[in-house]
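Here is a short briefing on helices and cores. Look at the structure first, then work through the points.

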Amino acid sequence: MAEAPTLDFNAYVSRLKADRASGATAGEHDYSYILDRQTRATFESAKPVELAVASSVRIFKQVWRGQLLGSAVKVGERQFPRIQGIAKECAQTLGIITPQIYIVNSPTLNAATYGTDEESFIMVHSALVDHYTDEELRMVVGHECGHIHNKHVVYLTTLHYLRMVAQMYLGPLVMPVVLTLNAWSRRAEITCDRAGMLCSKDEKTAARALTKLVLGSRKLYDEFNLEAFLEQYEEGKETIGRYMEALASHPYLPKRVLAMRIFGESELYKKHTSAGAAGITMSEVDDRVKALLKGDA
C-alpha cells in the first residue's frame, strides 16, 4: 500500500492564522464557546499535540477510511436519502459542505466525527437511528456538523487514536496529551451543542436528544422528568465524584442541558429561530457558561 502523505501541521496552522487575519470565520464562529476557541489556539504552538495530530492523520488516511467502506454503510442519495436530507439541511444551516455519513451497526446510542479538515465524516450508530425522531436526529447531526464547521476534526481523530494507544501499551506516555485534549473536548462539546440547537431550531427537542443518551430505553422516554434530572447537577456538586469529570471527554449531561438553556436565551439563537431579537449577548452567554462549568470551564 502506498504511504499516505503526512499532515503538514505548520501549513495547517499557517492556514488557520491566515483565515483569521483575513477576517475569515473558519473556526471562529459567532456561536462557538470562547474557551473552545482559546484552547485550540494554544494547540497551534504545542509540539506534543502537533506530533500526535500528524501521526493520527497518517493512520486515518492509511487504514480507517478503508475499514469504514468495508464495515459500515455509506449514506447518500441512493442509500438512506432521508438521513442524507437531514445532513444537507444541517450543512446548509452552518454553511459547510454536506459531510459524508456512515451508519455503523452498534447497540449504543452515539455518533462521532473524525477524519481531516479536507476529508471529514460522521459515524451514526444504528441504535441512535432506531431511537430518535427525525427532529432529534437533526440535533445530533447538527452537533457533529458543528465539529466540522469549527475545525475540531483533526483533534477529535487524534484523541480517538491516543485513547486506543493508552489502553493498549503506552498509557503513561500519552496520558498528558490525552488529558489536554479531553479538557479541550469538553469545551468543544459546548460549542457543538449550540450548533445542534441552531440546526434543530427547537430547544426542547435538542434537550430531549441529549437526555435520550443517558436513558437508552424506549419504555422510559415518556416518563422522563427533565427538571428532576437537572436537579441531579446540584446534588453532584457536593460529591467527590464530580472530580472524575476532569478525566472525561464530555461534560456531564445535566451541565450540557443547562448550558444549552443559557444559549437559548441569546439574541443570536432567538434571531435564528425567529423568536424575536431580544436576548443576551454571546459574551454574557459565555460568562454564564463559564460559571456553570467552573473549574472545567
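Contact means heavy atoms within 4.5 Å. This is a predicted model: local features need pLDDT of at least 70, side-chain atom pairs count only at pLDDT 80 or more, and totals for chains, interfaces and linings use all residues. Residues are numbered from 1 along each chain as its sequence is written, and side-chain values use heavy atoms, leaving out hydrogens and water.

**Cores**
- A nonpolar core is a set of buried Ala, Val, Leu, Ile, Met, Phe, Trp, Tyr and Cys residues joined through side-chain atoms within 4.5 Å.
- Buried means under 20% relative accessible area, exposed over 50%, and partly exposed in between (1.4 Å probe, protein chains only).
- The largest nonpolar core has 55 residues; Ile101, Val124, Val141 and Val289 touch the most other members.
- Helix H11 gives the largest share of this core, seven residues.
- Val124 touches residues including Ile101, Tyr102 and Val129, not counting residues up to four places away in sequence.

**Helix H10**
- Helices are DSSP runs (H or I, at least four residues), numbered from the N terminus.
- Phe229, Leu230 and Tyr233 are buried in H10, residues 226-236.
- They cover an arc of only 100° around the axis, which puts them on the same side of H10. The arc is that of the directions from the helix axis to the C-beta atoms.
- Glu231 and Glu235 are exposed on the other side of H10.
- Helices H8, H11 and H13 are among what covers the buried residues of H10.

**Helix H13**
- Met282, Val285, Asp286, Val289, Leu292 and Leu293 are the buried residues of H13.
- Their arc is only 115° around the axis, which puts them on the same side of H13.

Methods. Helices (H or I, at least four residues) and strands (E, at least two) are DSSP runs, numbered from the N terminus.
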